[in-house]
Structure formats: structure tokens, C-alpha cells
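Open the structure in a viewer and keep the selection tool at hand. The tour goes from ring to ring and then along a few loops.

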Amino acid sequence: RVFEFHLSSIRIIFVLMNTKLQTPIDYLKGVGPHRADLLRKELGIQTYQDLLNFFPYRYIDRTRFYQIKDLQRHSAEVQLVGEITEIKEVAQKRGKRLVAKFRDETGTMELVWFRGQKWIKNQLKLHVPYIIFGKTNWYNNSFSMPHPEMELKPKDKKELKTGMKALYSSTEKLNNSGITNKVMTGMIQHLFLELKELLFETLPEYLINKEALLTKDKALLNIHFPKTTDLLARAQFRLKFEELFYIQLQLILKNLIHKSKIKGQLFETVGDHFNAFYKSHLPFKLTNAQKRVLKEIRADMGTGAQMNRLLQGDVGSGKTIVGFMSMLMAIDNGFQACLMAPTEILANQHYQGLKPWCDAVGIHIKLLTGSTKKKDRTPIHNALEDGSLQIIVGTHALIEDAVVFKNLGLAIIDEQHRFGVAQRSKLWKKNSLPPHVLVMTATPIPRTLAMSLYGDLDVSVIDELPPGRQAIKTVHRFDNNRLKVNAFLRDEIKKGRQVYIVYPLIQESEALDYKDLMDGFESISRDFPKPHYQISIVHGKMKATDKDFEMERFVKGETQIMVATTVIEVGVNVPNASVMVIESAERFGLSQLHQLRGRVGRGAEQSYCILMTSHKLSDHSKTRLETMCRTADGFEIAEVDLKLRGPGDLMGTQQSGILNLKIADIVKDKDILEHARYYAKFILDKDPSLGFKEHLPILETYRALMTYKNIWNYIS
Ligand code: ADP
Ligand code: MG
């Protein structure tokens, strides 16, 4: 009973603390309604807690004193002690500048002012020790410091201003309204005075000890008022760790709850269709990665919980057959399966690819897209409803209300990025029990990102290409080499190969891009004249039937060149095409370039990817091109992409919530992330309901996070 009493008193304290932290910012000393309004509008700071978690974006190191002889040409801000020996005004093109000669025991430098000279000149004293602070320039063989911060050196050593000074991000409006960095710092000081006794620990003691973390109150104090650089680093580590820990905890909990609550179809048997296909009709030997993933999927679907799995595999890694064999498992257990693709071309290709395999083992399969004729639709709808149709391949048409399954057991979604979550869940609703869901994507998501975004999704990876693939040779060529490039294309076509030439199509400049495409098409037609050469063209403004017609001609080999916008980006499979030319390659993102390159190298021939650009290249463009030429590893490319673009951009706005991290950065802090995830897992493995006494801080913090969602809004 004593123990219980102790527990409940701790809980009361936690509740008190969390209530206090939710106090509106208006009540803080030195704030008041006007400032509170500004803080809310400009920085989104509503409560004490928001202000407490409004971490500085930068610090100025004032712990160290430099001497002039130690100055480096590219140093950050430095602090020196010395005296002024001379002051003069120097005329320059516009107005004057004020220059003071500054000296310490090791050398001399200049202090320079371009504004407010008159006032400053009157303030400056000669031959007394000053502490100056600022950024130095190297010019004319000597150092100078424009507009230094200065103060007279105090006689008493104790008064020396040392430590790290925090800088808070601000806005023009805040500055103009007098909420300067100093005022901000003052408000946070008041906040600490008010909260002092209430800053409770939010992580278990054993974890703090084991990882030698700063305690919560120390970490918060040192993030705002760091005593030393070392303490600052430890405070940052602790707070990043905590932030990532609670995200991981939430994701893992969500997954656990999902597994225990969302019942799924139980696939108990591996039956005839699967075995027949595996024994007699497998078109090639499966790679080890394919076998491993199949096992993972099979295990998932045999648990009685609903599978929610992401299958990642680079372009050409052979995801389709894995998907197909998973569908066989569904069928062998008396269920139907569907495969949904983002475009008609892709759906069509999947259908063409799967049809012979289905025929071989006696399974009914049909295609349903937007352009399926009305009279063909009705029998498909009926066959789905009475269960005689076992596999349906299609586009969004599959989630129309008219489509009703008898018993959908597995839904496979290819290239998930194109489908919203809402569409996905629509598929779910087609049964009393939700079907298992397998999402296949060729856009490799770096592990770190997958962990933080899909911590609640299981992930399988095909990390091995089928044998016998030749590496694609990738080169970067400038536009003025076009003649040579064209000669190369002619050689390849002579050998019987086919060529893609792709133009960018970015929505914002659609009209311009469209003109580029047409100009390009014209000049290609001139360089590769009929009747010797036949050219297909496919772009977004064409009617679907025309697109399919042109695609078809290329697939059949009737045309040697396919000029296209990025519509061919996803999934199209023409093994005889061995050259991919990408025009204005500097305008494509890395993952898009990688996807496009994946269209070639599907046959036995040596394949090539030629990245054409102008000479004007940004640093990012250069990095992208160089990465493409260096590696074909989708995960490596995705990591570079993540670094260049930042996580929000990579995932699209929908999932950009992860950008709302307060202090951690999932790219830079990926080690901390893994660490935090390890502990979150470790703790939940032992204590899934967080009922252990030592986990009370976690339980209470978690509860508070769930209650005050406004601070945790990045978790959907
Ligand atoms: P993706 O993962 O890009 O969807 P696909 O499933 O379209 O890749 O497979 C790419 C090509 O590789 C296809 O022509 C497919 O038949 C072939 N393929 C897949 N797995 C193997 C394998 N284990 N051995 C040989 N070829 C394979
Ligand atoms: Mg595919």
C-alpha cells in the first residue's frame, strides 16, 4: 500500500507539472497580452511548454579568448582582449568609414565601422582594455573586424562575461515590436524561475544512468543557457534522444495495437496453385532476396492479424513475381486478390505479364481500368462478386463503388506514392475483415526515414538484382556534344536496339516544357529521318488511346525511338530498349533520374544512360549527376537525395510532418534515431503496457503527449 501511495503521489505531481506547462503564455511575467499575441502569431508559441521547447537555433561561443596571432582566415566569431591605439576616418566611394587600430600582445588588427561613426567615435576610449567580439575578415594581408561588439574589460575577473549565448530565431515583426533576442532570453529566464521545481524527469533513471544522459532539467537549462560547449552538446544529445524516443515509442505502440486489434484473414495452407507454379512454371530461379521476402509475407499472412507490409526493391529487382506468388497464397486459401497500379500503361503491362502465369496454373485474371468498355465491365463486376474471378489487375477503377469482391484476401498496390492513404483505406473497406495489404515501391526509402515514418508498417527489402544483369553505363554529356551522342544512338539502333529520349515536364512550367518537347521532337525527326527511322511520341496531353497506340508500336519494335515526358517513368518494360537519353537532366530529381534509368538494362544487352545538360549547373545538380554516374544502388541514391532535399520534400507534403521535429534532424541524427528506436523497442518488449514502476515517467510523459496533441502534431 505504501508503494501504491507513492505511485499515486508521483502521478499527481506529473499531472500538476503538465497542467502548469499548459499555462497560456500571457501569464508569464514580462509577457502580457500584446506580446503574447505576437508570440502566438509569429512563432506559434501558445503555452509555457511551447516557450520551453522553443530552442535556440544558434549559439555564440564566448567561453574562449583568442589572440591576434592565432586568428584563422575562415574562423567564425571570435573574442579578443586588447586596446585601441588610434582612431581615424577614411574616405571611401560613398561616405566615410571609421577605422580603429586594435592591439594585443601578439599583433594588431583593424576595427571598422561603416555606419553610426560619429556616435561610436565619441564612445571609444584609447589605451584601455576592451573585450571585442565579432567575425573577422582577411584583407590586404591583415585582419579586420567590422562592427564588433565591444565592452570595457571589467576589473573584477568574476564579472567577465563567459559562456555560450543563445540566439533565437525571430521575425521582422517581433524585432520591430521590441521582442529582441535579449527580451526573449529574459522571458525564458522568468519561465525557468516559475517552473524550477516542476521540471521532472521524463526518461527512466536506469536509461539516464546507462547512457550517461543529462537529466531533463539540466538539459533544458543548458539548451537555453549553456555553461560550456560540452554541456551544450550533451543537452542537445539528451533532447534529441528524447524527441526521437517518444516518436519511436508511439510508432511501435501503434504497430502493436494494430497487430493485436486488427484481425486479418488467416492463410493457413500453401496449396496447389502455389506449389504447381513453384514446381513447374517458375520462369526463372528466384533470387535469395525474393525467397526471403516471400517467407516474410507468408509468415505475416499466417498470423491472423492483418498484414500491412511495404515491399521495397530497386527497379528491376523482381517485385512482380513476389507479388504474384503472394496472390497465389490468397487464392489457395479460397480468397481473391487484386493488384492496383497508378497508370493504365502499367496496369496493362502487369496484366500482360501475369496472364501467361495465370493461364499456366488455371487461374482467372482480368484487367479493369478507366478505359474498359461498359459492356466488358458488367461481367467483370459480376465475376468479382460471385468469386469466379480470382485476380483483378487495374487502376483506380478498382476502388469504384461498383466493384464488390466476394472475398478479397490480398490487395497489392504498386508504386504507392501515387495513391493517397484515403484511397488505400477504401480498398480495405471492401470486406468485413480487411484484406492483407502489400505496397510495392521502387523508390527506395532510406532506412532512417522508413523507420521514422513507417515505424508502424512492416518493411521487406529485395536488395539483390536477378543474376546476369549488366551494369548500365551512365555518362554525363553537355548539349554541345549532341552530334556525337546522335552518332552513338544511330550505332545502337543499327545493332537493333531501341532508344528512349525523355524530356522534363514540370507542372509549373508546363507550357514551356511542352514547347521544349515539341522542338526536341522536331529536331530528332530531322536527325533521324523517315523511313529509315520510326519515332514514337508519348506525353500527358495525348488521349489515352493515342498514348497506348504509340506505346504499343514501341513495345512491338515498330519504332526505334520513343520520345516522351516522364509518363514512362514508372514500370514500363521493354527489354530491347538499351539507351536512355535524359534531356535537361539537371532539372530532374535524383529519384526520378534513377527511376528513368531503370527503364533500360532489362535485357541481355549492354545498356546506357546519357544525361544531357547545359553548362549552367548548380551545386546540387552537379551532385545529382555525379551520384548517378557513380552508383546504381537505389538506397545510396536515396540517401543522397534525402541529404540534398530534406525529408519533407522527399515524401511530399502529406508526410512532411516529420519536419516539425523540434531539435532532432532525421538525416544528421540517424545514429541517435537508431539508438532511440532500440530502447523504445527494448522497453516495449519487456513492458508493453508501460506498467513497471521504473517506466512511470514514460507512461506519464506519453499520456501527456497524447492529451496535448498540439505539441505532438507530427504524429498522424
Ligand atoms: P520490378 O521490381 O522493377 O517491378 P520486375 O518484377 O518487373 O521488377 O522484374 C524485372 C525483370 O526481371 C522482369 O523481366 C522479370 O521477369 C525479371 N526477373 C525477376 N526476377 C528474376 C529472377 N529471379 N531471375 C531472372 N529474372 C528475373
Ligand atoms: Mg514493377
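Two aromatic rings of Phe, Tyr or Trp count as a pair if their centres lie within 6.5 Å. The model on screen is predicted, and a search of the whole structure finds 18 aromatic pairs.

Select Phe241 and Tyr679 to see one of these pairs. The ring centres are 6.2 Å apart and the planes are at 70°, over the 60 degrees needed, so Phe241 and Tyr679 are edge-to-face.

Next come charges over rings. Select Arg64 and Tyr66: Arg64 lies over the face of Tyr66, 4.2 Å from the ring centre. Then select Arg490 and Phe528, where Arg490 is over the ring face at 5.0 Å from its centre.

The last stops are in loops. Go to Lys530 and Pro531, which are joined by a cis peptide bond with omega near 0°. Pro531 is in the loop between helix H18 (510-527) and strand S19 (535-538).

Move to Ala212, in the loop between helices H7 (205-210) and H8 (216-224). Ala212 is not a glycine, yet its phi is positive, about 50°.

Finish at Leu690, in the loop between helix H24 (670-686) and helix H25 (696-707). Leu690 also has a positive phi, near 55°, and at 3% relative accessibility Leu690 counts as buried.

How values were computed
Residues are numbered from 1 along each chain as its sequence is written. Chains are lettered from A and ligands numbered from 1 in the order in which they are written. This is a predicted model: local features need pLDDT of at least 70, side-chain atom pairs count only at pLDDT 80 or more; totals for chains, interfaces and linings use all residues. Side-chain values use heavy atoms; hydrogens and water are left out. Helices (H or I, at least four residues) and strands (E, at least two) are DSSP runs, numbered from the N terminus. Buried means under 20% relative accessible area, exposed over 50%, partly exposed in between (1.4 Å probe, protein chains only). Rings of Phe, Tyr and Trp (its six-membered ring) pair if their centres lie within 6.5 Å; planes under 30 degrees apart count as stacked, over 60 as edge-to-face and the rest as tilted. A charge sits over a ring if NZ of Lys or CZ of Arg is within 6 Å of the ring centre and within 35 degrees of the ring normal.
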